[in-house]
Structure formats: C-alpha cells, structure tokens
Amino acid sequence: MSTTFIDEKPTQNLEAFKGVKKVPHEEYYTSGHRTCQACESAQIMKLMAKAAGPRTIVLGSTGCMYVANTSYYATPWGIPWMHTQLGSSGSGALGVAAALRVQMRKGFMKDEPINVIAFCGDGGGADMGLGAISATMTHPDYNLLILMYDNESYANTDIQISGTSPYGVNTSFSTPGKVKRIMHHRWKKNVAPLMLVGHPTCKYVGTISTSYPLQAMNNIRKALSIGGPTFIHCLNPCPKGWDFDPVLSFELGELAVNTGIWPLYEVENGKIKLYGKTEQIANGRFKRLPVRDYLLKQGRFAHFVEDDIEYFQSKIDEMWNKWLVPGVIPLQKELDADVPPAN
Amino acid sequence: MATLTMPVQEKKKVKIEDQEALITGAEAIAIACKLANVDVVTAYPIRPYDTVMQYISQLVADGEMDCEYIAAEGEHSQFEIVKHASVCGARVFCGSSGVGWMYAMEALTVTPALRVPMVAMVGNRALDDPGAFGVEHNDALAVRDLGWLLTWVDSAQEALDTALIAYRVAEDRRMFVPLAISCDGAFLTHSQALVKIPSAEQVKKFLPRYDRGDLLLHPDNVISVAPQANEDWVTEIRRQNYAVTERASDVIREVYAEFEHIFGRKYGNPFFEEYMTKDAEVVLLGMGTLSTPARVAIRKMREEGKKVGFVRLRWFRPFAGPEIAKCLERFKAIGVIDRDFSFGSPNLSGVVATELRSAMYTGSATRPPVLGFIGGLGGREITVPDLEKVADSVFDAAKGIAQPLTQWIGLRG
C-alpha cells in the first residue's frame, strides 16, 4: 500500500466501564458551578470528565456550561479547561491537538496520548460553530472529540431559538401570539447524521442521552479511543428552558428516546448500530410511545392544539416509517407532501 | 515606486546561511517563521497577505520547516486555531488582509485578553466594498484599542527582522500579547528586494523557546483558562492588560538593542524613523511604504531649497506619544499622511493624524499645526508631485496661512 501521509497518533485506548460498579470514584467535574437544579447539561459534563480521565484537556465554548460553570475564582474543573468562543469548538480542539502533536514531535513536551475534548451547546455546535466543526472533522490525523450538549435553545441567554429547537416550541424568540400560534416552524437540525454523512473519514459519530449514563460514558470513551476527530450529540433536558419540574429531567430523557424523537445510535468506521430502546423500536420489539406523552409534560409546548401534536407525531412517524435508515438518515424513495397545520 | 511582482511558481531554494536573496516582503516573513521554528501555522486565502502562506506551505513540503500547517475554513477559525495552540505552548503564526482580518475580529478581540503571544502578518488591504485589492491601513488599525501591538514595516529586510523581533517581544513574559506586522499590500508583500538572511544559529541565540509557564494548558498544570467574570473583576482584569501597554515601550527598546547586538543591523529609535529632519522647518509623517516616494520627494524638494523632512512611524501600538511629541515640537508644521480614514472623527481626519494631535496636545510645548492628508486609498500610488503639494500646504501652515485640517490627496471631482 502506498503511503497516505496521514500520521495517526496513538490514543489512550480507554476500555469500556464494565458496569456501574466499575466506574471510578474520581470526579473531574465537581463543585463550583452554579447550574440549575436537575441540569442535564451539567450531568453530561460530569460524565464526560469521568469518562475521559485526568490526562485530558477540555475546551468549553460559550453557553450555559461556560457562564454557569466557570465563574471567576470558582471553577468546577479538575482537569485543564479553557473557554473557547461560541463558534470555535472545532477550531479550538484542532489548535490544541496541533500544539500537542508538534511539541511532542519536536521534543518540547513529553510524548503521550492526551485526550482533547471541545464541548459546545446546540447554539455553538449546530448554529455558529457548524462550519468550524465540519472542517475539523476532515482532519484525519488529530485525535479529538467534539461533544455537543443539546438543550434545544440558547438556554443561557434567555431561551431563544437555536438550530436544534423542536418544531413549534415556545422560546423567547418564538412566543405564541394572538395571530400566530406557531412562530417556530422549522424542524430540528439532524446534526449527527450531518457529521457522519458529510465527513467520510470520520471514524466515530454518535448520539447519547444522560438518562443512560453508563452507555454515554462508554460511548465517549470509544470516541476518544478510536482516533481522529469524532463527534457526539447528546440530548439534555433543561428544566428552565423546557419548563418542567426538575424532578422530571431523567424521565424526559427516557421519553425522548421511547417516543422515537431522540434515536440512540453510533456509527463506528461507517457501520451504524442502533442501541438501547432505539434498537428495540427499529426491530419492532418496542412500540414507540406517542409523542404527546413527551410534549405535554413540558410548558414549552403548552400552546399546542391537537393539530400540532398530530403534525409532530406524523413527522416522527415519517422518521421511522419512511426514512431509508429509520430515525437517522432522512432520505426517502418517494417524497410525500409535507403539510403543516394551519394557524 | 516599487513594482508588483507576482509570486513565482518555481520558488528558488533559499539557503539561509548568512545569505543575501532577492525575495518579496511576504517571503521574508515566511523565512523568518522558518528561522523562528514556528510550531503551528494557519492559512486562509485572501490577497495580498496569503503569499506568505504559499511560501510556508512550500517550505513544509520541502522539509525545510517543521510545523503543523493547517488550512482553515475561514479567518475566524484560522485565528482561533493558533490562539488555542499558543495557550498549549506552541509558537504560532497566521495572518490576513482587509475584510479577512475583520472576519476574524472576534478571535482578534479575545487574543490580547487571553494574553496570547500570537504573531500575525497583515498584508494591508482596503476594506470591502468595493473590494479593492490594494493597500489601506484600516484593516490592521481596527484592533488598535484592543491590546494588540501594531507595527508597520517598509522593506522586505525590515519585515524579516521585525518578524524575529515580534516573537521576542510578544513572548516576553512581561508581555504575552499578540503582535501584528503590517506590510502594505503589493508595494511590500509582492515586491522583491535584496534581503540579508541571518543564520539559524544567530536566530537561536536571539530567540529563546516560548515558555507559557504557569499559564500552560496541559494535564500537568490543571488550570481553568478564561473563566467568566462580571463587574466584580473586569476593571482589575482590564487594568492588568493595560499594564502590558505601559511596559511595552521598554520591552521593545530592549529587544531592538539585543537584535542590533546579535545581528548587527541598526534600527535606531524603534518607534519612529527620521529622514532629513535635522534642519527641517516642516515634516511629513506616515507609515509603511509611503517612505519610498516620500524620501524621493524630500530629496527633490531639498534640491529646491525647501527644508522639509520625513518621519516614518514604525510602531502604532504602543504609540510613542510623549517621545514623538517631543521630537515634533521643534518643527513649524507637520503634515500627516494617512492611508486610512476615520469617518466622523474630530476634524474628520485619518487615524494617525487624530492620534498624533492627541499626543501633541499633551506632550509638546509648542503645539505646531498638524495637518491631516488622506491618500493612497485602495492601493493608489502617492506620487512625488502629490507629496510636493502636501508639503506646500504644510509650509503655508508654517507661515501662518490657514489651511484645512484635513485634505484628500489627488481626489478626482
């Protein structure tokens, strides 16, 4: 085989935790933050740091997990952390990986595999930083992980629409009014498939949920071990932004999966694997719950009328019944007319 | 005036052991990056700065330079990548021109606040619209209030030397701030001149390894960089950055002295360069390659008996306010030629004229008239006849004949 000029560096090769009891006790994301009660985005920070371990550098782009996490003189991070600009999780991770690599090559730094993780919210990842993440996903020789925590709005700035806000949602940029009940009529951006289809050399893309913490940690460990740039999209219920009782955070994460709204899968070296309840939905062993069960627990959908719920359900049905790769890749053999309900 | 030379496709192999080579300003900076053993370079295309990245790419491909060379997907990422690399201890280089520099503005804004010693080349270019390729200084000047150090060079030799000086200044632990080297688009970036290239050994002696120290982002040094602060701490944080600007002049002076000691090339006063000012009654003042036609014009006017000199401002940030005010107070009038504009500014002048008036108001005993001239925009040449007209007006001001505070050079009706 001819040389490719791709210079792959070894990773830490993190084995999966074999059960909850095998998860180490050490925390690298601890007290010091001031996130909301039952904040699932903070939960994934904790799981991510635990999964990655001490030889890790974390970059955090602007968002809840910057502003609420790292007040001056009160950091929760037990591993090196740096704020990166809202649209820079991709470029930040690339810069860190490049700096480590070249200094190790030149002998200015001890040669060892160091995990590089840049996290971003949906605003930083699906909106502003998408181009930079996309560019980073094409660099085969830098080992890094982009983790997008998705609370489906700009939740730190007052809950505004982002590219991953669900259809019809009430945010401070889309409050229902006297004439328009639905101000946000765009469908949620399908970010993980965007990454996997658009970047053929990327070895790992996946979705996770904080309601399945062990699985989430193990998928993060896999993404950090496989080499090259990787991407994980995590759905994080947000009591403040979604307007629900904090006691429901965990349950809403499960409901998102069980209604088929949030499919869990990983794509490893181009091979897709659905996991958890998502796999059972796909092979018919579990009947999807109605989206109504999920939507009506949240104040952000309180303005929905029956038509809206039906439309939402029809779009989810379409994901599972018509997409070529159900729940994942929105290609269809024949397109049906898409008719949203009238206001 | 210098001619525009496009980058040659077949680049000559430049041996760098005490050698003289015919190279462009951009190539001179590329060679400086190689000599400085830069670790991470990020590129994105925009004329005219980007030839420096073409040269560096070739140096990497030929095995002459060892760095991570990353072609970014936009200037914002270009500057963000090196910003992060620098926090992890790497010596970095990038650059841009015109609206490309503006596209990176967010990254440019946070870089000084993060105390990142990034060195960037600005191939000065007019801002869009109307999309002219030629030189204007408003691109680099846009960061003048943010904590960047800004210098303008006027020859390929000075470009190479200043790039080496830049790393030494920016990476000094007392500084840790970004530094931009401005090269006039085409006139300097693409014009060839004979340049003395120092040896790697000399450069090694001059330029120690960048040491991020206790600010290094690395698992062996667990720190949180750039946490969020509000009104409780922002005043103190800004004041720390301000302290850097207070120290900058001394550090720059020190580094130029060290440069002269090791390489033997003298730059005299680092902050501004005087030409035929000794017995001058009036002086013209400007930045960058304006010095080329200015020197010719001064010599011509001198032959005609007009006592006029030229001052080239080399460092815009730090602005050597008290020093330049003391220097200029002996003249009867000063004509500042701005290759930029500052719309709506006091007296509707260019940026340099406005800054200089401010410096003269507080720093000079005599406060001679400071006339502003705006010209050479979008890459238009400032010719010898243009400068003679400028000088006439400055002489009139010196005689007490009232002159407009701002005039546009060679403006067509």
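**Figure 1. Confidence in the predicted model, with chain B in view.** Chain B has an average pLDDT of 95, and 96% of the residues score at least 70. The structure shown is a predicted model. Residues 1–8 of chain B form a stretch in which pLDDT stays under 50. For this stretch the model has 19 contacts beyond four places in sequence. For the complex, the predictor reports an ipTM of 0.95 together with a pTM of 0.95.

**Figure 2. Overall fold of chain B.** The secondary structure of chain B comprises 13 helices and 16 strands. Of the 413 residues of chain B, 54% count as buried. Among contacts in chain B between residues at least 6 apart in sequence, those joining residues at least 24 apart make up 80%.

**Figure 3. The two domains of chain B and the contact between them.** Chain B is divided into domain 1, residues 19–263, and domain 2, residues 272–408. The centres of these domains, taken over C-alpha atoms, are separated by 28 Å. Domain 1 of chain B contributes 26 residues to the contact, and domain 2 of chain B contributes 20 residues. On the side of domain 1 that touches domain 2, at least two residues are supplied by each of α6 (138–141), β6 (149–152), β7 (179–184) and α9 (234–263) of chain B. The residues on this side of domain 1 divide into 14 nonpolar, 8 polar and 4 charged.

**Figure 4. The largest nonpolar core.** This core has 223 residues, of which Met48(A), Ile29(B), Val282(B), Val283(B) and Leu284(B) touch the most other members. Helix α7 of chain B, residues 156–170, gives the most to the core, with 10 residues. At least three residues of the core are drawn from each of domain 1 (19–263) and domain 2 (272–408) of chain B. In soluble globular proteins, nonpolar side chains tend to be buried together.

**Figure 5. Surroundings of Met48(A).** Met48(A) is one of the core residues that touch the most other members. Leaving aside neighbours within four places in sequence, Met48(A) is in contact with Ile117(A), Phe119(A), Leu147(A) and Ile220(A).

**Figure 6. Pro24(A) in the segment before α1 of chain A.** Pro24(A) is found in the segment that precedes α1 (40–52) of chain A. Pro24(A) counts as exposed because it has 10 C-beta neighbours inside 10 Å, and the cut-off for an exposed residue is 12 or fewer. The C-alpha atom of Pro24(A) is separated by 8.9 Å from that of Ala51(A), and the two residues are 27 residues apart along the chain.

**Figure 7. The contact between chain A and chain B.** Chain A gives 41 residues to the contact, and chain B gives 38 residues. On the side of chain A that touches chain B, β1 (56–61), α2 (64–67), β2 (81–84), α3 (89–105) and α5 (130–137) of chain A each supply at least two residues. The largest share of this side, 12 residues, comes from α3(A). By residue class, the side of chain A that touches chain B divides into 22 nonpolar, 16 polar and 3 charged.

Key
Residues numbered from 1 in each chain as written. Chains lettered and ligands numbered in written order. pLDDT = per-residue confidence, 0-100. Contact = placed C-beta atoms within 7 Å. Helix = DSSP H or I, 4+ residues; strand = E, 2+ residues; numbered from the N terminus. Buried ≥ 20, exposed ≤ 12 C-beta atoms within 10 Å, placed from the backbone. Core = buried A, V, L, I, M, F, W, Y, C linked by C-beta atoms within 7 Å. Domains from an automatic or database assignment. Nonpolar A, V, L, I, M, F, W, Y, C, P; charged D, E, K, R; others polar.
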